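The sequence and structure come first.

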Amino acid sequence: MTDAAAKLGLNRNTCYQWVRKAGLARKRADGPTREDFRRLRDKGVSRREAARELGIHRTTAEEWDSGVRRTKNGRIYPGGRTVDYTSGVMTMTTPAGAAVSLPFPGLAALEKPLDPRFLSLQDRERIADLHSHGKSRRKIAEELGRAASTISRELARNSVSEDGYYAYAAQR
């Protein structure tokens with residue numbers, strides 16, 4: 001639409017209005033709604049089938065099912081938690097109605113041990129050190145007591161060719 005308007009030398013918004021009036025486009029409000037989704041779910045239709053029938057994304061269906069609402073820059077969760085992704089602030093509304101701002105989890109959350117089958121932050125830092133010193137994936141695996149395939153996958157998923165492996169990004 002934008003390219004066509006530019007070629008004709010017209011404002012794209014004007015062209016969009018013409019197309020919509022002709023019935024060839026619709027406003028976002030004309031699309032599927034939470035109520036449509038809820039009606040299908042109440043009839044016993046699975047989440048996946050309801051999403052497919054309405055033409056919405058699987059993630060949108062999951063959020064609609066759990067009561068999550070989107071805002072321009074974040075999400076509002078049913079328990080009173082609001083997340084603003086641009087400012088990095090999480091706000092919790094207390095039962096009394098007061099809003100309390102919380103920063104996103106920091107380094108302490110990153111260092112919290114997960115299940116032993118997952119790599120820890122210390123493991124990832126060790127991988128970064130050994131990899132930067134030119135050690136092979138098999139040698140790194142031997143030193144950490146892990147499978148070589150684990151190290152290979154970890155480096156493939158969390159490396160940027162010009163900058164190398166990012167241990168902290170991988171842990172997040």
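F37 and W64 are both buried (under 20% relative accessible area with a 1.4 Å probe, protein chains only; exposed is over 50%, partly exposed in between). The model is predicted, so local features need pLDDT of at least 70 and side-chain atom pairs count only at pLDDT 80 or more, while totals for chains, interfaces and linings use all residues. Residues are numbered from 1 along each chain as its sequence is written, and side-chain values use heavy atoms, with hydrogens and water left out.

**Aromatic pair**
- The count comes to one aromatic pair (ring centres of Phe, Tyr and Trp, the last by its six-membered ring, within 6.5 Å).
- F37 and W64 form an edge-to-face pair, at 5.8 Å centre to centre and 70° between the planes (over 60 degrees is edge-to-face, under 30 stacked, the rest tilted).
- F37 is in helix α3 (residues 34–42) and W64 in helix α5 (residues 58–66), so the pair ties together parts 27 residues apart in sequence (helices are DSSP runs of H or I, at least four residues, numbered from the N terminus).

**Helices α7 and α8**
- The axes of α7 (residues 121–132) and α8 (residues 137–144) come within 10 Å and cross at roughly 145° (lines fitted to C-alpha atoms over the stretch in contact; angles run from 0 to 180 degrees between N-to-C directions).
- D123, R126, I127, L130 and H131 of α7 meet I140, E143 and L144 of α8 (heavy atoms within 4.5 Å).

**E154**
- E154 sits in helix α9 (residues 148–158) and is buried, at 6% relative accessible area.
- Residues touched by E154 include L119, R124 and I127, not counting residues up to four places away in sequence.

Terms used: Helix = DSSP H or I, 4+ residues; strand = E, 2+ residues; numbered from the N terminus.
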